[in-house]
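Biologist: I am new to this structure, and I would like to go through it with you. Could you show it to me, and then let me ask how you know what you say about it?

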Amino acid sequence: MDIRFLYDQALDTLRKARKVLLVSHKKPDGDTLGSMLAFLGFCRAQQIPADGFCMDKIPKQYWYMAESEAVKSDPALFSTYDVIAFFDAGDLRVAGVAEYFAALAKKPLVMNFDHHATNERFGTVNIVDVTASSTAEVVYRFLQHFHFEYDADVATCLLTGVLTDTGNLTNPATTESAFATAADLLRHGGKI
């Protein structure tokens, strides 16, 4: 299936949502948080009601990212959202929410953004791009598709994700696309 079709399907799902929850995986790193927080910035700009969620506390080293202080951690919130989007989590167990999700009487629509080949494609909409260096690059491509004019805060979040998963552009996940993405994010005010 053409990934651009999936981008359009995801945006349509978001626009029809009453309330969206964006979920990073437990024991969060820069990629899951950067992707989720950048997407939160996108939702806010599109006037899509959304909140961020992580089972674990956000490590202090990531507090510089916009909206990091607003990330919620109470799984009881799950029942109040009609769309839940996961970032960098290959399955619900990695996100740390499998038992809470299973207990929901009414299941929300699920969006799944990831770059890992091991992803279980557990979403209603699965945007899993194994050619990307990071989930942040997956989200970057999504935003590029819609010509989203992101600000320095969103650029910093995405740059954090790219740099985290590529070991600051030094490990085998580093690709030509990762360099181009990082350069574009720097041009848009992303801070290292």
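Modeller: Gladly! Let us start with leucine 21, which is in contact with Asp51, Gly52, Phe53, Phe78, Tyr81, Val83, Ile84 and Ala85, leaving aside its neighbours within four places in sequence. Contact here means heavy atoms within 4.5 Å. This is a predicted model, where local features need pLDDT of at least 70 and side-chain atom pairs count only at pLDDT 80 or more, while totals for chains, interfaces and linings use all residues. Residues are numbered from 1 along each chain as its sequence is written, and side-chain values use heavy atoms, with hydrogens and water left out.

Biologist: What makes leucine 21 buried?

Modeller: Its relative accessible area is 0%. Buried means under 20%, exposed over 50%, and partly exposed in between, using a 1.4 Å probe and protein chains only. Leucine 21 therefore counts as buried. It is found in strand β1, residues 20–24.

Biologist: How do you know how many helices and strands the protein chain has?

Modeller: They are DSSP runs, numbered from the N terminus: helices are H or I with at least four residues, and strands are E with at least two. By that rule the protein chain has seven helices and five strands. Along the sequence, their pattern reads α-β-α-β-β-α-α-β-β-α-α-α.

Biologist: Why does the radius of gyration of the protein chain agree with a compact globule?

Modeller: The radius is taken over C-alpha atoms, and the globule rule is 2.2 Å times the number of residues to the power 0.38. For 192 residues a compact globule would have a radius near 16 Å, and the protein chain has 15 Å, so the two agree. The C-alpha atoms fill a box of roughly 45 × 40 × 35 Å along the principal axes. Buried residues make up 53% of the 192 residues.

Biologist: What makes a set of residues a nonpolar core?

Modeller: It is a set of buried Ala, Val, Leu, Ile, Met, Phe, Trp, Tyr and Cys residues joined through side-chain atoms within 4.5 Å. The largest one here has 49 residues, and those touching the most other members are Leu22, Phe39, Phe113, Ile127, Phe142, Leu143 and Leu158. Helix α2, residues 30–45, gives this core its largest share, eight residues. A second, separate core of 14 residues includes Leu21, Phe78, Phe86 and Ala89.

Biologist: Why is helix α5 called largely enclosed?

Modeller: Helix α5 covers residues 135–145, and eight of its eleven residues are buried, so the rest of the structure largely encloses it. The buried ones are Thr135, Ala136, Glu137, Val138, Val139, Tyr140, Phe142 and Leu143. Leucine 143 touches Phe42, Phe148, Tyr150, Val154 and Leu158, not counting residues up to four places away in sequence.

Biologist: Is serine 134 buried or exposed, and how do you know?

Modeller: Its relative accessibility is 0%, so serine 134 counts as buried. It lies in the loop between β5 (125–128) and α5. Beyond residues up to four places away in sequence, serine 134 touches Asp31, His115, Gly161, Val162 and Asp165.

Biologist: What makes serine 35 buried?

Modeller: Serine 35 has a relative accessible area of 0%, which puts it among the buried residues. Its place is in helix α2. With residues up to four places away in sequence not counted, serine 35 touches Gly30, Phe87, Thr135, Ala136 and Val139.

Biologist: Why point out the phi of aspartate 88?

Modeller: Most residues other than glycine have a negative phi. Aspartate 88 is not a glycine, yet its phi is positive, about 70°. It is found in the loop between β3 (83–87) and α3 (92–95), and at 5% relative accessibility it counts as buried. Leucine 169, also not a glycine, has a positive phi of about 65°, and its place is in the loop between α6 and α7.

Biologist: How do you know whether glycine 167 is buried, exposed or partly exposed?

Modeller: Glycine 167 has 29% relative accessibility, so it counts as partly exposed. Its loop runs between α6 (152–165) and α7 (176–187).
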